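The stops below are given in the order in which they may be selected.

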Amino acid sequence: MNDGQTSTTTPSRRLVVAGAVGALLTAGLAAGPAWGSATAPDLQVSASATRATYPSRTDIKSATYYQLLKPRYFRTSSSGSLTTSKPQLTTYPRYNALSSWNMFNNYNGKAWCGYFAQYVWTMGHQKTNTQVPADYPSSQAWMTETGSRFHPYSPNVMPQVGDALVWTKKTDPSRGHVAVVVYVDPVKQTLTWISGNDSAAGHSNSIVERSAYWTKSMNQYPDLYFRGFTSLT
């Protein structure tokens with residue numbers, strides 16, 4: 001999940017995650033809209049959006065969920081045949097397993113969380129979005145190349161739908177992970193995000209949906225630490 005690093009989910013980690021999720025759900029954590037539904041929002045640019053500007057937050061949310069809920073294209077090797085994924089929508093976390101050669105990184109085999117974020121921030125390349133960092137394949141560019149739109153983590157300032165969350169690798173600050181926010185509950189202080197090049201149920205190179213308490217559990221990746229978020233605007 002972290003800029004060129006292969007990440008796997010061990011059985012012990014899955015048990016810990018499952019237990020934590022159960023506790024969150026018992027406490028009333030909203031897990032995002034349409035939980036368990038295979039119906040994807042329509043991937044369309046809203047009528048109010050113009051090509052010269054960036055997509056709306058609602059557009060980005062719809063585009064991001066579309067990637068999780070629908071079969072996506074990938075190859076099993078650099079020269080493998082094109083195939084489609086099978087979204088897994090009845091487990092937690094929900095995920096859509098691909099490979100490192102996929103439609104988001106143009107099948108180049110590279111780490112692709114940044115490619116995924118750029119893809120949904122531009123509505124599948126349908127929209128010009130000058131807010132996307134120039135070096136978008138690098139997760140850390142979503143923090144270092146976004147100026148005042150990057151907000152270091154504070155328990156008192158939550159992101160909005162469509163914003164980008166950034167983590168940094170503990171042993172290599174040039175690498176990390178980026179995700180897109182799809183749901184925020186400011187009252188319960190919870191949020192849901194979706195990212196590419198994540199891991200779930202032993203499947204790395206997946207699109208994964210996760211939920212957490214903003215003030216308690218943003219460090220869900222054991223080899224990363226949470227840095228903050230970059231606002232769309």
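Helices (H or I, at least four residues) and strands (E, at least two) are DSSP runs, numbered from the N terminus. Residues are numbered from 1 along each chain as its sequence is written. This is a predicted model, in which local features need pLDDT of at least 70, side-chain atom pairs count only at pLDDT 80 or more, and totals for chains, interfaces and linings use all residues; side-chain values use heavy atoms, with hydrogens and water left out.

**Helix 3**

Select residues 113–121, which form helix 3. Of its 9 residues, 9 are buried, where buried means under 20% relative accessible area, exposed over 50%, and partly exposed in between (1.4 Å probe, protein chains only). Among them are Y115, F116, Y119 and W121. Then move to M123, which follows helix 3 and has a positive phi, near 55 degrees.

Two strands count as paired if DSSP finds at least two bridges between them. Strand 1 (residues 73–75) is joined to strand 2 by 3 bridges, and F74 stands opposite T83 of strand 2.

Now select residues 164–169, strand 6. Because 6 of its 6 residues are buried, strand 6 is largely enclosed by the rest of the structure. A164, V166 and T168 point one way, while L165, W167 and K169 point the other way.

A hairpin of 2 residues connects strand 6 to strand 7. Strand 10 (residues 224–230) also pairs with strand 6 in the antiparallel sense, over 6 bridges. Which residues are the bridge partners of T168? In strand 7 the partner is G176, and in strand 10 it is Y225.

**Salt bridges**

A search of the whole structure finds 5 salt bridges, each a side-chain nitrogen of Lys or Arg within 4 Å of a carboxyl oxygen of Asp or Glu.

Select D223 and K169, whose closest N and O atoms are 3.8 Å apart. D223 lies in the loop between strand 9 (203–213) and strand 10 and K169 in strand 6, so the pair ties together parts that are 54 residues apart in sequence.

Finish with D198 and R210, a salt bridge with its closest N and O atoms 2.9 Å apart. D198 is in strand 8 (residues 190–200) and R210 in strand 9; both residues are buried.
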